[in-house]
Amino acid sequence: MWLDHLPASVAFCDVETTGLGHLDRIVSFGGIGMISRDLTKGRPDLAYLYLVFDPGTGNHGGAERIHGFSDSALRLQDPFAVHAAEVWRFLTSYELLVAHNAAFDLRFINREMRLSGLPALTRPVYCTMKGYRALDLGGSASLSAVCRHVKLARAGDLHDAIEDAWLAMQIYLWLHGCPRQARLRGSLPRTPSNFRHAESGRGEQVASLRYHGRPASRPNIASQ
């Protein structure tokens, strides 16, 4: 059975950053924890961790247009170091780490861990981008392109770390021949759990700007 080929537990993760350079920092982290045997339930219980951070530097190269967090909003948040231990505990609680373009995500996560005085993650890592490329189907292996191939779509234009982690989970299940029955109980977190709003009369009300008109629901799923 397909379940026999999965590790007992998997953490799917994604980060959004201020840019692509070696001095850029993490803006938001999304993690979803899955116990593989729960897939047989049809609606497995999933653990979520969705956080936003003050990167200590500005967005570069149009990054704000991708993830939607403005510099003024990010200055109100905690630095990564405040939540580093929580992220570390979450990711090390599962046997396997999965991400799309995992080298990118883990490079940023491990750099933040080192800056926070924590050890780098040593769990085995599976990259869904490499897994898709191994099928030799041709074309782009970007997250958006692979989602189109397997008939998935984002809920909106912005790249949410928690939503992209969910998409990586769906691609992972597809790559391993698993029924894509891993529906969310309720909905994905709409905003990071630690999101700090601007005080009334001070700055912008970022959440209302960033999520205006966006439903609090899981990503749209096209026909399976």
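1. Which residues does Asp 164 touch, not counting residues up to four places away in sequence? They are Asp 14, Glu 16, Leu 143, Arg 154 and His 159. Asp 164 lies in helix H7 and is buried, with a relative accessible area of 4%.

2. Confidence. The protein chain has a mean pLDDT of 85, and 84% of its residues reach 70 or more. Residues 200–224 are another matter: over this stretch the pLDDT is below 50, though the stretch has 59 contacts in the model beyond near neighbours in sequence. Where pLDDT is low, the predicted coordinates should not be read in detail.

3. Overall architecture. Eight helices and five strands make up the elements of the protein chain. Read from the N terminus, they run β-β-β-α-α-α-β-α-β-α-α-α-α. Of the 224 residues in the protein chain, 51% are buried. Taking contacts between residues at least 6 apart in sequence, 74% join residues at least 24 apart.

4. Helix H7. This helix covers residues 161–175, 15 residues in number, and reaches 21 Å from its first C-alpha to its last, close to the 21 Å expected at 1.5 Å a residue. H7 is mostly covered, with 14 of its 15 residues buried. Asp 164, at 4% relative accessible area, is one of the buried residues. After the helix comes Gly 177, whose phi is positive, near 70°.

5. Phe 12 is in strand S1, which covers residues 9–17. Is Phe 12 buried or exposed? Its relative accessible area is 0%, so Phe 12 counts as buried. Leaving aside neighbours within four places in sequence, Phe 12 is in contact with Gly 30, Gly 31, Ile 32, Met 34, Val 98, Ala 165, Ala 168, Met 169 and Tyr 172. One of these, Gly 30, is 18 residues away along the chain, and its C-alpha is separated from that of Phe 12 by 8.2 Å. Helix H7 spans residues 161–175, and the contacts of Phe 12 include Ala 165, Ala 168, Met 169 and Tyr 172. An α-helix has 3.6 residues a turn, so residues three or four places apart point the same way.

6. Helix H4. The buried residues of H4 are Ala 102, Phe 104, Asp 105, Leu 106, Phe 108, Ile 109, Asn 110, Glu 112 and Met 113. What covers these buried residues includes S1, strand S2 (26–35), helix H3 (80–92), strand S4 (96–99) and strand S5 (125–127). H4 is followed by Gly 117, which has a positive phi, near 80°.

7. The largest pocket. About 440 Å³ of space lies in the largest pocket. It is lined by 22 residues, and those closest to its centre are Asp 14, Val 15, Glu 16, Phe 104 and His 159. Among these, Asp 14, Glu 16 and His 159 are also touched by Asp 164. S1, helix H1 (63–67), H4 and helix H6 (143–149) each supply at least two residues of the lining. S1 gives the most, with four residues. By type, the lining divides into seven nonpolar, ten polar and five charged residues.

8. Backbone angles to check. Most residues other than glycine have a negative phi, and most peptide bonds are trans. Asn 101 has a positive phi, near 60°, and is not a glycine. Asn 101 lies in the loop between S4 and H4; at 31% relative accessibility, it counts as partly exposed. Asp 136 is not a glycine either, and has a positive phi of about 55°. The place of Asp 136 is in the loop between helix H5 (128–133) and H6. Asp 136 has a relative accessible area of 67%, so it is exposed.

Methods:
Residues numbered from 1 in each chain as written. Predicted model: local features only at pLDDT ≥ 70, side-chain atom pairs only at ≥ 80, totals over all residues. Heavy atoms only, no water. Expected span 1.5 Å × (residues − 1). Buried < 20%, exposed > 50% of the residue type's maximum accessible area, 1.4 Å probe, protein only. Contact = heavy atoms within 4.5 Å. 1 Å grid on protein atoms, 1.4 Å probe; cavity = no way out; pocket = protein on both sides within 12 Å on 5 of 7 lines; lining within 4 Å. Points joined across faces, edges and corners; volume = space filled by probe spheres on them. Nonpolar A, V, L, I, M, F, W, Y, C, P; charged D, E, K, R; others polar. pLDDT = per-residue confidence, 0-100.
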